[in-house]
Amino acid sequence: MRNWHWLAVAAAGALSFGVLEWRAGAQTPTGARDINPPVANCNVTPDTMPVANDPNKRVATPIDAKLLTSGQPCHQVVSTKGLVTDQLGNLQRGFDFYSWLTFIALNSPADGKTIGQGPRPGGDAATKWEALSIYRPLADVMLDKGAKPTWGTRIVPDACKPLDGPTKMIVKLGEAAWNQPFKTGPLVDQNGNYAVFDILMNQPMFDFINDHGLYSREGQQRFTQDIDFPKGNNPGTGVDGRMGASMLKVSWRVLDPVEDKALMDKFHTVDALIYFPGPPGTRTGPACVAKTLGLVGFHAGHKTKFAPQWVWSTFEHVSNAPDEKQVADKAFSPPYSFFNPNCPQCPVNTTPSDPWDPPLTLKFHSDERSQVVRTKMLPDDVIEEVAELNRGFRALLKGTVWENYMLLATQWPSDFASKVECNGAPAPTFLANSTLETYSQGRIPLASSSCMACHGNATTLGVPAKPSDFTFILEKAQCESGTCGPAVPNLAAQNPRCGFADPPK
Amino acid sequence: MTDFTRRKMLGATVGTMAGAVAAAGSIEPALADDAVDLDLFVKVSVALTGVAEAKLAPTVDPIKVKLVYFKQAKSDPGFAGLMDIVHNAQSPAAAAQSIMTSADPGIKFLGRSIILAWYLGAWYPPQVLNRPPPSKPVPPDKIISDTAYTQGWTWSIAQSHPMGYSDLRFGHWSDPPLPLDTLIKA
């Protein structure tokens with residue numbers, strides 16, 4: 001069955017560049033507001049193209065300037081046919097190409113200019129995903145006392161107001177902003193600064209949460225349906241393209257504008273106000289500090305019609321850390337943000353010692369520094385395929401800050417409609433970003449990082465809990481009264497197998 | 001009856017397998033002949049286990065546990081004889097029947113080892129399985145790999161999941177198990 005699902009997608013992709021059957025309004029009850037509105041410019045560029053007069057042959061789509069303005073994909077365009085005879089390999093390359101298109105679209109300037117043509121060093125500029133009209137930070141969705149959030153409004157904590165300005169990005173520190181998944185510890189750069197993490201979502205995802213009251217614990221308890229975020233789909237005959245739910249998780253390192261001046265055209269940077277809300281979120285605060293942050297990691301999760309387990313793309317800065325082979329060969333390219341080549345005795349990928357809670361300086365309390373090495377977790381063919389795509393796209397972005405970012409891989413469901421493997425048989429099986437899953441890199445089932453296997457365990461805060469559609473975002477909801485009272489069992493939480501009773505047709 | 005000969009299989013499989021063979025790293029078969037043998041190994045495994053090929057070794061298969069079992073079985077001295085039977089049989093079912101009733105214990109018990117590998121993710125050497133009674137529970141030589149452990153078919157056939165690992169969704173324990181046919185048939 002697995003093969004036929006993908007062949008169906010492949011046929012659509014090959015014949016009409018991913019135009020997929022879709023009933024407009026299928027996600028919109030009659031009379032309800034459309035939280036997943038039509039998108040005019042879905043990017044439907046496939047990674048390969050057919051060759052004239054030879055239906056069995058395909059060639060790679062040129063990686064040229066046209067891709068810089070081709071827009072964000074609403075849905076993957078993938079095929080079992082491609083550059084190699086291995087169907088899995090062709091699908092993987094299609095997803096990886098989709099990831100690069102997504103990265104370029106989201107990191108293009110918010111003002112509409114082409115990526116890499118901004119006014120800052122390295123052609124940098126505030127990106128689309130940093131614009132509150134396009135993406136919203138999680139901290140501005142899950143508000144104190146479960147208050148209802150409002151799309152587009154900027155929330156400036158009192159402590160940050162004296163430092164605020166029109167270009168400042170506000171990052172609210174909670175534990176998830178400095179502690180890695182499963183509370184495995186902070187990441188400390190070679191200058192002794194904490195890495196900072198942030199989570200954001202697009203408007204269809206926000207609206208689903210907002211319209212269903214999922215921004216509070218009580219609201220999640222009251223919501224008796226299954227959590228089913230809107231899906232992206234490509235346009236087709238009589239069918240509008242729609243973006244669906246998209247969420248991001250990014251990682252930053254602190255850059256000193258003076259001491260790190262030579263790095264400023266190597267990183268995408270933001271002028272940030274780091275807000276310490278005080279207990280229980282942070283030990284210190286309320287307080288606010290101004291920092292220049294450089295982007296070091298970038299996750300994008302996107303729910304699509306033929307990937308209801310979402311598509312998981314992950315990028316990182318090329319100077320974060322060496323990989324295992326580079327370490328073995330001593331083939332270093334310093335400076336690294338999270339690795340010291342002159343410290344062979346430093347324990348690798350090890351959590352630093354307590355205490356972990358960051359002080360206002362964002363400086364770690366001791367001389368410990370994270371000694372990060374990128375662990376090999378991908379099959380050789382995926383590594384080679386991704387490296388080839390990275391060469392093409394990084395060359396396309398040469399001369400800009402964005403040439404310093406690389407795709408690690410894309411995880412996607414190889415059997416999205418399975419009722420047996422609810423996580424969709426993720427391909428590749430493991431995937432981690434060295435700045436966002438530093439301490440869970442590897443190839444050990446369950447223990448090592450797998451986007452879908454991990455997020456497949458995410459639940460609501462209701463009683464009984466129910467699957468939250470591959471996002472932990474709902475677990476950040478607060479109680480409306482400030483303190484949570486006794487929960488009322490939600491007897492209507494009857495989950496269909498794998499969270500979707502009927503696969504898309 | 002399907003003609004199951006090596007020659008037919010060669011033409012049908014070399015083309016589709018070449019990419020995987022070239023691409024997949026150290027656990028992949030290195031030669032085209034291995035690719036043919038791998039495909040035949042999967043087909044006879046289907047007959048030996050009763051699990052559909054689409055489940056046992058999907059075409060789009062990121063896990064590729066078949067390669068792990070193939071490599072393990074190939075390391076046994078009886079493998080060449082077992083594959084001779086497979087190559088010359090009229091069908092996978094006929095091959096499986098010949099293996100399980102072979103007069104050669106090295107082949108007969110290798111067939112059992114292969115079944116146990118697919119079911120339990122563990123390798124029970126044919127020589128150990130062939131020990132005379134009084135029989136005690138036979139300890140496996142090894143768990144073939146961490147992947148093999150999670151992919152053992154005994155879990156699905158028991159309509160359950162491995163201890164410490166599950167691809168089922170949160171709350172599945174409150175639902176009736178999936179029908180067996182859903183788990184093992186295409």
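1. A:Cys160 is buried, at 0% relative accessibility (buried means under 20% relative accessible area, exposed over 50%, partly exposed in between, with a 1.4 Å probe and protein chains only). This is a predicted model, in which local features need pLDDT of at least 70, side-chain atom pairs count only at pLDDT 80 or more, and totals for chains, interfaces and linings use all residues. Residues are numbered from 1 along each chain as its sequence is written, chains are lettered from A and ligands numbered from 1 in the order in which they are written, and side-chain values use heavy atoms, with hydrogens and water left out.

2. A:Cys160 forms a disulfide with A:Cys288, S to S 2.1 Å (a disulfide is a pair of cysteine sulfur atoms within 2.5 Å). This link is right-handed, with 95 degrees about the S-S bond. A:Cys288 is also buried, at 13% relative accessibility.

3. The structure holds three disulfides over all chains. In another of them, the sulfur atoms of A:Cys42 and A:Cys74 are 2.0 Å apart. The torsion about their S-S bond is about -80 degrees, so this disulfide is left-handed. Both cysteines are buried, A:Cys42 at 12% and A:Cys74 at 0% relative accessibility.

4. A:Cys343 and A:Cys346 also form a disulfide, with sulfur atoms 1.7 Å apart. Its S-S torsion is about 80 degrees, so the disulfide is right-handed. A:Cys343 is buried at 9% relative accessibility, whereas A:Cys346 is partly exposed at 22%.

5. A:Cys451 is in no disulfide; its nearest cysteine sulfur, that of A:Cys454, is 8.5 Å away. A:Cys454 is likewise in no disulfide. A:Cys451 is buried, with a relative accessible area of 11%, and A:Cys454 is partly exposed, at 21%.
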